[in-house]
Amino acid sequence: MVKSALITGITGQDGAYLAKLLLEKEYKVYGLLARRATKTTWRLQYLNILDKITLIEGDLTDVTSIIRAIQESQPDEFYNLGAQSFVATSWRQPQLTAQSTGMGALNCLEAIRITNPKIKYYQASTSEMFGGMAEYPIQSEKTPFHPRSPYGVSKLFGHWMTINYSESFNIFGCCGILFNHESPLRGIEFVTRKVTDAVARIKLGIQKDLHLGNIDAKRDWGFAGDYVKAMWLMLQQETPDVYVVATGRTTTVRDMCKIAFDYVELDYEKYVVIDPKFYRPAEVNLLLGDPAKAKKILGWQAETSLEQLIHMMVDADMTRVEDQLKVMK
């Protein structure tokens, strides 16, 4: 029988790559689409899959719309990837973040409990829940949580709600604690994409410099296209569980910049400007994931190196900026 899947956040980076993966596995794919003033389906168009999925209007903050989406899609699997996921914005809009990211997960779980508890559920947890405590330089499934942003706190609420619903109502609920994962589909507000977009614009002569905050912060960066495979694998197991999904390699923002600028034969030190306004109120200095459990149980490991990832993103942004310049002419 053909499986069906419902994805919240389908217009985001992870949602788009996951939809593509599931389509390749011959799933019928549905996506919850929140109406916004701006067009949000560009990632689905970029991957040439927009016409292959069914979009259902709904919002994570409205449990009745999630129930209706489940009734329409009759999913075997439910992937909750929707959230206000930009850490900096979570400081400016903490209540919105709590409602969409935290309560949104609870709404999904309640909708499943009410309609069909047999639906397998995936919760997108995050390495931001750890907070990068110095006494835990490597984070695994057993590392204590200490979130340092409204986003991290909201995600932790959704994470524990998933575990509680799994234990209390026998719902198959998995949590993927994903470390930073990027791609050419990453939003421009995230640091990797901000860097690769700036590299393209500086190389093509339409931007002078790049303003960043703490460039000595360390992150474990992987390719989103690799990470969605781990999401799918979690829901194919016999029992639900929690998994760290990471590369096991940490790199400073400074070194990531160097990789990007070196790729187009530029010296990053001539263009990167440290700007205090981009510092977080509470900084997470180090994130490094231990993916041993995911490798052992799921058979998953990252396939794309950081260098390959950044080069891929620079190439995509060079093409984008060149196309924009052509239109302007």
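Which residues are buried in α8? In this helix, A224, G225, D226, Y227, V228, A230, M231, W232, L233 and M234 are buried, where buried means under 20% relative accessible area, exposed means over 50%, and partly exposed lies in between (1.4 Å probe, protein chains only). Because 10 of the 11 residues of α8 (residues 224-234) are buried, this helix is largely enclosed by the rest of the structure. Helices (H or I, at least four residues) and strands (E, at least two) are DSSP runs, numbered from the N terminus.

The model is predicted, so that local features need pLDDT of at least 70 and side-chain atom pairs count only at pLDDT 80 or more, whereas totals for chains, interfaces and linings use all residues. Residues are numbered from 1 along each chain as its sequence is written, and side-chain values use heavy atoms, with hydrogens and water left out.

Leaving aside neighbours within four places in sequence, N107 is in contact (heavy atoms within 4.5 Å) with L60, T61, D62, V63 and I66. A polar atom of the N107 side chain lies 2.7 Å from the backbone oxygen of L60.

With regard to cysteines, the structure holds 0 disulfides, a disulfide being a pair of cysteine sulfur atoms within 2.5 Å. The sulfur of C174 is 7.6 Å from the closest cysteine sulfur, that of C175, which is too far for a bond. C174 is buried, with a relative accessible area of 0%, and C175 likewise counts as buried at 0% relative accessibility.

Key: A polar contact is a pair of N or O atoms within 3.5 Å; within protein, one must be able to donate a hydrogen and the other to accept it, and residues adjacent in sequence count only if both atoms are side-chain atoms.
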